[in-house]
Amino acid sequence: FLLFQTVRHGFPYLPTALAFDPVQKILAIGTRTGAIRILGRPGVDCYCQHESGAAVLQLQFLINEGALVSASADDALHLWNLRQKRPAILHSLKFNRERITYCHLPFQSKWLYVGTERGNTHIVNIESFILSGYVIMWNKAIELSTKTHPGPVVHLSDSPRDEGKLLIGYENGTIVFWDLRSKRADLRAYYDEAIHSVAWHHEGKQFMCSHSDGSLTLWNLKSPNRPFQTTIPHGKIQRDGKKPESCKPILKVEYKTCKNSEPFVIFSGGLSYDKACRRPSLTIMHGKAITVLEMDHPIVDFLTLCETPYPNEFQEPYAVVVLLEKDLIVVDLTQSNFPIFENPYPIDIHESPVTCTQYFADCPPDLIPVLYSVGAKHKKQGYSNKEWPVSGGAWNLGAQTYPEIIITGHADGSVKFWDASAITLQMLYKLKTSKVFEKQKVGEGKATAEIVEEDPFAVQMMYWCPESRIFCVAGVSAYVVVYRFSKHEVNTEIASLEVRLQSEVEDIITPEPEIIPSFPDASSQLPSSKSLSGSTNTVTCEGTMKDSIPCLSVKTRPVRMPPGYQAELVIQLVWVDGEPPQQITSLAVNSAYGLVAFGNCNGLAVVDFMQKTVLLSMGTLDLYGSSDPYQRQPRSPRKSRQFAADNFCMRGLSNFYPDLTKRIRTSYQSLTELSDSPVSLELERCKSPTSVKGSRKLSLPTDLKTDL
């Protein structure tokens with residue numbers, strides 16, 4: 001059979017470029033690995049990949065034509081056809097002698113303008129995808145008297161009033177307004193600060209530039225000698241009337257007009273240098289009001305979404321799409337407090353790095369609504385009440401749909417349940433496993449016996465029973481948490497158990513001490529046996545040596561647990577003679593019998609999470625070592641034995657508990673009737689069907705004894 005990738009969820013890795021089709025309302029994101037993600041309404045999510053793997057520099061939609069142009073770091077242009085189910089490249093054009101720095105495709109135009117590092121501008125026919133031969137050379141564009149190179153082309157745009165006029169921005173601060181018909185410059189403007197971006201007023205009489213000193217300059221085509229307005233929005237005004245102090249570069253500016261209000265000026269960067277710790281920000285200037293939106297991650301690019309695709313009309317901006325290094329945010333411009341839209345895409349999968357995943361198909365039909373109902377109560381408030389503006393594309397549910405759930409465990413200890421039915425991915429419920437533990441105070445890392453400095457709550461393994469809804473998590477700090485689902489809030493203490501999977505040599509119980517094998521490395525890290533009682537240990541630290549203490553502290557006070565998954569039991573492995581517990585490597589749960597089994601390189605433990613009792617705690621030597629204290633000799637099962645696997649419990653334990661093994665042979669009473677001593681309770685549990693299965697698994701290595 002063949003494996004096919006059907007869908008790709010999560011945030012695009014290392015994004016570099018952003019584009020939006022204002023008519024079809026679809027969004028495209030390019031990445032450093034040459035990938036393109038096309039997003040529309042929830043469920044519309046398409047992935048494309050450049051074969052070269054070169055980073056995507058820029059993306060431009062052929063608006064309302066179902067096509068997309070990509071410029072990549074290997075100096076190639078590609079035309080993608082989006083009208084088919086799987087987008088494909090129709091044409092490619094490679095630049096061999098020049099490096100591409102900027103592209104511009106005017107609305108409803110057949111000419112694509114391409115600026116290069118050398119300062120030249122080439123024109124490509126978008127239909128044939130070949131160079132037209134028309135080149136605007138840098139030395140023709142600038143004045144002949146100016147001999148210095150103006151730098152790479154950083155901006156290209158056509159005039160909103162006349163598509164035959166092209167505005168070219170050079171890095172060193174030179175601006176040229178080029179007449180494509182007469183092949184000459186109509187005007188030239190110079191500024192002593194480097195240009196990062198240029199934006200037109202819709203009337204085509206003014207344009208705005210953003211500069212490397214954090215300034216914005218506004219230019220009039222009638223008087224290009226100097227800007228008629230210069231502002232440093234975040235610069236401190238000097239007392240002596242001097243120019244405000246310079247700020248960080250404004251990397252991009254957009255200038256959008258409104259019919260019934262002041263224009264919007266939106267830019268990224270430009271903060272003052274004295275606030276070094278400030279987060280990356282997007283600034284929105286509307287009239288005299290200045291709003292700074294701080295972001296959690298660096299801003300890669302942003303686009304203002306407007307009501308019209310025509311550049312010569314009032315733009316009427318209604319939202320700003322902000323592409324961050326690890327997130328996608330859309331800001332609502334129609335409300336004065338600029339709330340963000342609730343993102344319908346599963347982009348926050350890697351909000352904290354994913355450390356483990358599980359997939360479940362054909363789940364009980366009531367499970368997804370139940371998880372969604374408890375998860376909805378914890379959702380953040382304050383989102384925009386408008387519909388998600390990226391609403392393009394068509395999406396069919398398909399004929400075959402059945403409930404599918406994906407569970408992701410994360411480095412911060414959170415667990416997310418996702419509805420994966422019908423290809424989409426929607427978060428249902430989020431569980432924070434770290435809430436069962438006390439918060440670690442700064443500087444207490446070693447004092448609290450932590451074995452992991454970073455992400456001590458990282459989820460390593462998960463077990464989920466969709467029918468009983470029992471959920472179990474194993475964490476990196478050698479603990480297991482058992483959760484039970486409840487629709488009601490409770491306020492209760494969290495039960496905890498401590499298990500010792502390493503024991504002192506003198507504590508080893510063996511019926512034949514003379515058969516103890518010799519190992520090449522008899523260090524304290526060697527796994528050793530442990531008595532079956534598995535009683536809870538007390539903290540007995542001698543000096544600085546850690547012994548019988550867990551890695552984390554479980555909350556001892558009553559804890560409020562909201563509806564959803566509530567912690568029933570926390571099981572922790574403890575330090576032994578200054579040696580930390582090893583991380584848990586295997587986990588199994590039987591929810592019908594209330595048993596959880598887990599193990600690591602030191603041994604195996606079985607816990608009854610209903611009675612909150614350790615049933616079995618065995619070292620690896622007991623399981624696989626040649627000095628088997630239970631003496632399980634391979635032999636044919638006798639017909640008189642009701643359980644062949646009883647040999648595991650009875651023969652191995654007859655040396656220590658002869659009176660109890662007789663009771664096990666003859667009694668099939670309930671566990672509660674045999675609760676006169678903890679040992680008898682634990683032994684009798686070996687008679688349950690689940691432990692019979694476990695016994696068979698444990699007795700497997702004895703079959704290999706003859707080969708040793």
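**Aromatic residues and nonpolar cores**

In this predicted model, one aromatic cluster is formed by Phe-360, Phe-417, Tyr-429, Trp-464, Phe-471, Tyr-483, Phe-485 and Tyr-565. Several of these names return below.

Consider Tyr-565. Not counting residues up to four places away in sequence, Tyr-565 touches Leu-371, Phe-417, Tyr-429, Leu-431, Trp-464, Arg-469, Phe-471, Tyr-483, Arg-484 and Phe-485.

In soluble globular proteins, nonpolar side chains tend to be buried together. The largest nonpolar core here has 38 residues, and the members that touch the most others are Leu-371, Phe-417, Trp-464, Phe-471 and Tyr-565. Helix H2, residues 367-376, supplies the largest share of this core, with five residues. Another core lies apart from it and has 21 residues, including Val-482, Val-589, Val-596 and Phe-598.

Across the whole structure, a search finds 18 aromatic pairs. One of them is the stacked pair of Phe-207 and Trp-219, at 6.4 Å centre to centre with 10 degrees between the planes. Phe-207 belongs to strand E18 (residues 206-211) and Trp-219 to strand E19 (residues 216-220), so the pair ties together parts 12 residues apart in sequence. Both Phe-207 and Trp-219 are buried.

Phe-360 and Trp-464 form an edge-to-face pair, with 4.9 Å between the centres and 85 degrees between the planes. This pair links distant parts of the chain, 104 residues apart: Phe-360 is in strand E28 (residues 354-361) and Trp-464 in strand E32 (residues 459-464). Phe-360 and Trp-464 are both buried.

Lysines also lie over aromatic rings. Lys-183 is over the face of Tyr-134, 5.1 Å from the ring centre, and Lys-252 is over the face of Phe-302, 5.2 Å from the ring centre.

Notes: Residues numbered from 1 in each chain as written. Predicted model: local features only at pLDDT ≥ 70, side-chain atom pairs only at ≥ 80, totals over all residues. Heavy atoms only, no water. Core = buried A, V, L, I, M, F, W, Y, C linked by side-chain atoms within 4.5 Å. Buried < 20%, exposed > 50% of the residue type's maximum accessible area, 1.4 Å probe, protein only. Helix = DSSP H or I, 4+ residues; strand = E, 2+ residues; numbered from the N terminus. Contact = heavy atoms within 4.5 Å. Phe/Tyr/Trp six-rings, centres within 6.5 Å; stacked < 30°, edge-to-face > 60°. Lys NZ or Arg CZ within 6 Å of the ring centre and 35° of its normal.
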